[in-house]
Amino acid sequence: HPAPRAVPPGSTGPLASPTYFWGTYRPHVYFGMKTRSPRAVVTGLMWLQHGGNLRHTSDGVSRYGWLMHDGENFGVQEIRDEGLVLRTEFVKQPGGDHGGDWSWRVTAKMEVRGSPLLSLFFYIATDGQGTLRPVLENGTRLAAVAGTAEELGDFTITFLPPTGESGEGTKYASYNFLTAGVPGLHRLTDLVQQSLRDSSVFSPPGRPRRRFFGVSSTGGLPGESPRGQLLLHQVTLEPPAVLEVTLESGSAARTRQGRLVGPALSAALARHAATFEERFEDTFGLEARGVSLAQRRFAQAALSEMLGGIGFFHGRSLLRSECREEPVPGAESMLFTAVPSRSCFPRGFLWDEGFHLLLLSRWDPALARDILAHWLDLLNADGWIPREQILGDEARARVPPEFVLQHSETANPPTLLLALERLLPDAPLPYLRRLFPRLRSWFEWLNRTQAGPEPFTFRWRGRDTDPERFLNPKTLASGLDDYPRASHPSAQERHLDLRCWMALGARVLAALAERLGEPLAPYRDMASALSDNDLLDRLHWAPELGTFADFGNHTVAVALRWHRPAPVPGRPPSAPQLRREVREVPRPQFVGALGYVSLFPLLLQLLQADSPRLPALLGSMRSERELWTPFGLRSLARDSPWYLRRNTEHDPPYWRGSIWVNINFLALRALHSYAQAAGPHRERAAELYRELRQNLVANVFRQYEATGFLWEHYRDSDGAGQGCHPFAGWSALVVLAMAEDY
């Protein structure tokens, strides 16, 4: 895009932004750090319980997550893996011109009796730039790594000998090290796995000798050209034990007060923990509200897991343009963003990020502004932002091939404007001036490319094009994926939720233009038209359904049936296929699918406080036959023909009954507003607000206590967590609900 960048060149480097230079910006690994640099040097931890699996990326331990993380200087995480408890802690220390120092502490202990062997692998790797030199002790122990890299300058990483749980006395351990060429950071696990040999011996004095898998000193992946270096330090021991690692920047030597290890590290961790607790209470006020200690710890963990899931990515998206037959690589991009899930979705998602920023903007407005600016710098010349950001080999390696390609006609809800609306009053004017040309272009792209068949109507592009495969063709662009829309996609569709998002966008851009002294009439007039309750009624109120709805070419008489393809002479019989049967000719009509989409005029507060349509929506929300459950609002009415129905043989229901925290948060936000506005529905809104908030918060907390995770969505029958976990993306909005901060 030709506009000046929203993130000024050089503003993310160690001199301009030392606070955020180093971080846990590798959300897909259990524990690791890198800088906000293209082709950054990366550090990380792997472990192996001998007889178990090599652990590195989020791949199935029983419980893990950040308990405290301030997004800047320190974090504390707990990992539970088949009887092993690992506590990973880090502290950063400012100084010098290259981002300062940091120290790690990893504490390992067993929940069960016994003396299992545990190997911890600490590594540092380069990605096309930088050099690393091993510093060996006794020829087998990698005592340190001396390195130099762009933006880091000279640095030294030191691996201290392990100690007992109290931190005193050296613990007996066996050591192995590996130095190897790396074909790409996405191959680190494979490289280490391939280098393991069952030939090392653990022989503590006076104890039986035991064989274990140790890395060979040199290695690589045959047939793959190296692009960088890997140096790895393997420590094999019997828990309990404490291990510490330090990175010291060469340019900080003049001002360093002392190495941050042992008692000094313990003191620093204690100081940061106390500061975090105090800041958390100052920000959210949960203790003052009488929230229990257990629930406060849960809320701290929810925020911390989101902060600990922030990543920095660099690379090119793979795009399909309407103008080209072949996929093309996008522009080289950098993205600083939170992620929905460290395990399933450790990358940027456009509509998720707006919800993430609602929480981050309360904790650290400067951090939220920085992330928002990074997203707007992904805008292309047309004004489009790809909905899913798959930048770099590590990100791409975790995405199924069919989801890698981003289609240039596909939009996503502009939730970043929800966050901007919250940031707007206190954001510096120079910052807003950098954002405005890009926001204007993005909004114009949405208005132009997602226009509907009539004035002031809108239609999501990119619905699934093979309707016979799906009970109801998906609308991934909407973010609500398999939520039922018109059964037969067509250019005549009018999508209610998109119209409401555009109304929000026009309102926010009008406020932004007014603050900057820019022409605001086009946005103000559009916001006024899209908020006109009479026009909304004419286009989207369905009298026969008693609710707001989409409009399109539709029939409810569809079902999935098994079909056996016709035999082909000389070939074996084909497997039966589940295909859609249409038993009634579709016709233009409102789509009877009462659920989240029906609520959007309320969710985004387009309905006036005295609207005659509010009672129907409030009634649907409170009806157990429709959307109400003891755990939150379900996504689709229980009496809908699509409720909990599969979309294909391999697509279980997703937005067809489950409870989603992001939409429940919008409902709480709206009910809270209507409960404070003068009007005939004030008391009803207040009553619903109190009940819904209690139900949602209690269930998300209860599931966290039972499983150790926030979940992607929750089952409407019993509140159980479902889908991806941990999911401290928008599910962490429960913290704002607890604080009643909307």
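Which residue in β25 is the bridge partner of L319? The first close-up gives the answer, and the views that follow move on to other parts of this predicted model.

View A. Look for strand β20, residues 318-320, which runs parallel to β25 over three bridges. Here is the partner asked about above: L319 is bridged to Q406 in β25.

**View B. The annotated region, residues 263-740.** UniProt lists this stretch, in an unreviewed entry, as "domain: Glycosyl hydrolase family 63 C-terminal". Within residues 263-740 the chain is 41% helix and 10% strand.

**View C. R105 and its surroundings.** R105 belongs to strand β8, which covers residues 101-110. With a relative accessibility of 11%, R105 counts as buried because the cut-off for that class is under 20%. One is the backbone oxygen of G262, reached at 3.1 Å; another is the side chain of S266, with a polar contact of 3.0 Å. Setting aside neighbours within four places in sequence, the residues in contact with R105 include R87, T88, E89, V242, L243 and E244. L265 and L269 are also among them.

**View D. The ring pair F122 and F159.** The model has 37 aromatic pairs in total. In this one, the ring centres of F122 and F159 are 6.4 Å apart and the planes meet at 40°, so the pair is tilted. F122 sits in strand β9 (residues 118-125) and F159 in strand β12 (residues 153-159), so the pair ties together parts that are 37 residues apart in sequence.

**View E. A cluster of aromatic rings.** Here you can follow ring pairs that link W351, F355, Y596, Y654, W655, W660, F727 and W730 into a cluster.

**View F. Two arginines over rings.** In one example, the charged end of R279 sits over the ring of W363, at 3.9 Å from its centre. In another, R494 lies over the face of F551, and the distance to the ring centre is 4.2 Å.

Terms used. Residues numbered from 1 in each chain as written. Predicted model: local features only at pLDDT ≥ 70, side-chain atom pairs only at ≥ 80, totals over all residues. Heavy atoms only, no water. UniProt positions renumbered as here; feature names shortened; annotations may be inferred. Helix = DSSP H or I, 4+ residues; strand = E, 2+ residues; numbered from the N terminus. Pairing = 2+ DSSP bridges. Buried < 20%, exposed > 50% of the residue type's maximum accessible area, 1.4 Å probe, protein only. Polar contact = N/O pair within 3.5 Å; in protein donor to acceptor, adjacent residues only side chain to side chain. Contact = heavy atoms within 4.5 Å. Phe/Tyr/Trp six-rings, centres within 6.5 Å; stacked < 30°, edge-to-face > 60°. Lys NZ or Arg CZ within 6 Å of the ring centre and 35° of its normal.
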